[in-house]
Amino acid sequence: MVGIDNLITGTRGNVRWLAAWPDWHLIEQDIAEPLDVRGEVDLVADLACPASPADFHDHGIEILRTCSEGVRHLLELARRKGALFLHASTSEVYGDPEVHPQREDYWGHVNPIGPRSVYGEGKRFAEAMIMAYRRLHGLAVRTARVFSTYGPRMRIDDGRVVTTFIHQALQGEPLTVHGEGNQTRSFCYVDDLIDGLVRLARSDINEPVNLGNPQEIRVRELAEEILSLTGSTSPIESRPLPPDDPKLRRPDITRAREQLGWEPQVPRREGLRHTVNWCREVLRQSTGRVRPAV
């Protein structure tokens, strides 16, 4: 088993436990540069790309290169090795959707030059390239359109809403909600997503498949839930809405249910509790400033 990561957003600590696996090794490299691995390869799993709104600003060029040159290098690797290609796409391909919930046959409502476009348009381009390889080379491909995933080992300061709220709550800071917080999101715990990816890889579905939790929640309600879980007395404060912020986001997972036998199993409150505990320990080790457990 080989992992390739330039660690622009990841850490070696996240994969340290894999050292116990036979023949595991990590190659520290950017997939936007030409790459190869020795020996036989059964599966090329493309899970690369910074995915936080903060990254869209700080790493926009790197994101676009990852979704174009990087995806092409991995597709070429899969083609040379005769391997299956599994790609983690995103619900961002739907943009600020005018169809709700979002089905895989919806083409999206996107701003191709807005601040979120480096990620959303990058992933849309990646999907187009993947299908071109499928048509031209007959490559076996699997594409998961991943909806907001959360859980342990996330960067606690990565700018995504779950970790942002938890970090603020544990530090006793105001929870910053954009607008009135009436926009909705659907959060899928990481264990459920991994199960979905494994099932997808073992299937024969070449078209994109939504993987996400169809249980929808308003962002303000999420903030209140995290305050309850952390025991924090932090206030909730409003901030201006960022450009192109989706007002609604919920997957239609009919295809995953019917063709993969998959749907999320971990209740949101349970998943959030695991994530809070992870973030609490990270903060304790790094700063010593964290509210006690409740």
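Guide: The conversation below concerns a predicted model.

Visitor: Let us begin with the open sheet. In what order do the four strands come, and is the pairing parallel or antiparallel?

Guide: The order is S3-S4-S5-S10, and the pairing is parallel.

Visitor: Which strands stand at the edges?

Guide: Those are S3, residues 43–46, and S10, residues 209–211. Each has a single partner strand, so one side of each is left without a neighbour in the sheet.

Visitor: And how are neighbouring strands turned against each other?

Guide: On average the angle between neighbours is 25 degrees, with direction ignored.

Visitor: Let me look at S4. How many bridges does S4 form with S5, and how many with S3?

Guide: S4, residues 84–90, pairs with S5, residues 141–146, over six bridges. The pairing of S3 with S4 has four bridges. Both pairings are parallel.

Visitor: What stands opposite histidine 87 in S5?

Guide: Threonine 143 does. Histidine 87 is also the bridge partner of aspartate 46.

Visitor: Is S4 mostly covered or exposed?

Guide: S4 is mostly covered, with seven of its seven residues buried. Leu84, Leu86, Ala88 and Thr90 point one way from the strand, while Phe85, His87 and Ser89 point the other way. In a regular strand, side chains alternate between the two sheet faces.

Visitor: Which helix packs on the sheet there?

Guide: Helix H3, residues 117–137, packs on the sheet and touches both S4 and S5. The direction of H3 makes about 155 degrees with that of S4.

Visitor: Changing topic: why is H4 described as largely enclosed?

Guide: Eight of the ten residues of H4, which spans 161–170, are buried, so the helix is largely enclosed by the rest of the structure. Among the buried ones are Val162, Phe165, Ile166 and Leu170.

Visitor: What covers them?

Guide: The cover includes strands S6 (149–150) and S7 (175–178), together with helices H6 (219–230) and H8 (268–286). Just after H4, glycine 172 adopts a positive phi of about 75 degrees.

Visitor: Finally, how much space lies in the second largest pocket?

Guide: About 170 Å³. Of the 13 residues that line this pocket, Gly95, Val110, Asn111, Arg116 and Asp244 are the closest to its centre.

Visitor: What is the lining of that pocket by class?

Guide: The lining has two nonpolar, six polar and five charged residues.

Conventions. Residues numbered from 1 in each chain as written. Predicted model: local features only at pLDDT ≥ 70, side-chain atom pairs only at ≥ 80, totals over all residues. Heavy atoms only, no water. 1 Å grid on protein atoms, 1.4 Å probe; cavity = no way out; pocket = protein on both sides within 12 Å on 5 of 7 lines; lining within 4 Å. Points joined across faces, edges and corners; volume = space filled by probe spheres on them. Nonpolar A, V, L, I, M, F, W, Y, C, P; charged D, E, K, R; others polar. Pairing = 2+ DSSP bridges. Helix = DSSP H or I, 4+ residues; strand = E, 2+ residues; numbered from the N terminus. Axes fitted to C-alpha atoms, helices over the stretch in contact; angles between N-to-C directions. Contact = heavy atoms within 4.5 Å. Buried < 20%, exposed > 50% of the residue type's maximum accessible area, 1.4 Å probe, protein only.
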